[in-house]
Structures are given as structure tokens and as C-alpha cells.
Amino acid sequence: MKILTNISRFLLGLIFLVFGLNGFLHFIPMPPPSGVAGQFLGAMFVSKYLLVVSGLQVISGALLLINRYVPLALTILGPIIVNILLFHGLMSPAGIGLAVFVTILWGVVFVSVRSAFAGVFRRGST
């Protein structure tokens, strides 16, 4: 299980580091999507929202790769992955495969550090 966790953590970190850096450096050419997906990404690009998301991806990916603050990295990546799933599920189904793969990787790493999240899943406020 430890080998699967380490491979999943490394792959998740690498994916988010590469795609996060691509948000700044644009070294992976991607044609702009059409329709609603294009309008959505256009608004995110013009407002500089994508730069914030890319920065969070780079930071989280680096934390996963160096195996430091893994629960923090997973906490940051959780909402980003949900938005990636929603984007591909609702607007651009072509990339749903990678989104599901990343979600599975996130789940494997999460299970390995679930004790760090024990307080979140505790019943009651105290």
C-alpha cells in the first residue's frame, strides 16, 4: 500500500506542478475550447483568476513532490479537482478521463493521511 501511495502522491504532484507551470509559461499548446467552456475560460483568463489557480497548483504539486505538508496540499487541491471535474463534466467532456484519474490519485493519497483529517469528520462541535 505504501508503494501505491508514494506513486500516487508523486504522479499527483507532477501533474499539478506541470499543469500549474503551464498556466504561467504556456509550454503545452492547447487550442481554446469553444462554446460555454471557451467563454468560461476566457472570463477566468481576463480576470487573472487562472493565475491564482495555477499558483495554487504549483505550490500544492511541489508540496506533494517533496512530501511535506501533504494534508495541506490535498486540502488546497480538493476544491480545484472538484472544479476540474465540474468543468469537464458540464462544459468540456473531452478531458474527463484525466480529471477522473487525478481524482482517484487524490483519493489514494487522502486515505494514506486520513488521520490528519480526523477532526473534520468528528460528529459534534467539540
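Trainee: Which residues make the nonpolar surface patch?
Mentor: Ile3, Ile7, Phe10, Leu11, Leu14, Phe19, Met30, Leu98 and Phe101 make a patch of about 830 Å². Patch residues have over 30% relative accessible area and no salt bridge, with nonpolar side chains (Val, Leu, Ile, Met, Phe, Trp, Tyr) joined within 5 Å and like charges within 9 Å. A salt bridge is a Lys or Arg side-chain nitrogen within 4 Å of an Asp or Glu carboxyl oxygen. Areas are Shrake-Rupley with a 1.4 Å probe, and for residues only the protein chains shown count as cover.

Trainee: And what are the ground rules for the model?
Mentor: This is a predicted model, where local features need pLDDT of at least 70 and side-chain atom pairs count only at pLDDT 80 or more, while totals for chains, interfaces and linings use all residues. Residues are numbered from 1 along each chain as its sequence is written, and side-chain values use heavy atoms, leaving out hydrogens and water.

Trainee: Which helix gives the most to the patch?
Mentor: α1, with six residues. Both α1 (2-25) and α5 (96-112) supply at least two residues each. Helices here are DSSP runs (H or I, at least four residues; strands are E, at least two), numbered from the N terminus.

Trainee: Take Ile7. How is it classed for accessibility?
Mentor: Ile7 sits in α1 and counts as partly exposed because its relative accessibility is 46%. The classes are buried under 20%, exposed over 50%, and partly exposed in between (1.4 Å probe, protein chains only).

Trainee: Where does Asn67 lie?
Mentor: In the loop between α3 (49-66) and α4 (70-90). Asn67 has a positive phi of about 60° and is partly exposed at 39% relative accessible area. Just after α2, Lys48 also takes a positive phi, about 70°.

Trainee: Back to α3. What span should it have?
Mentor: Its 18 residues should span 26 Å at 1.5 Å a residue, and the end C-alpha atoms are 26 Å apart, so the two agree. The expected span is 1.5 Å times one less than the number of residues.

Trainee: What do its buried residues pack against?
Mentor: The buried residues of α3 pack against α1 and α4, with contact meaning heavy atoms within 4.5 Å. Among those buried are Val53, Val58, Leu63 and Leu64.
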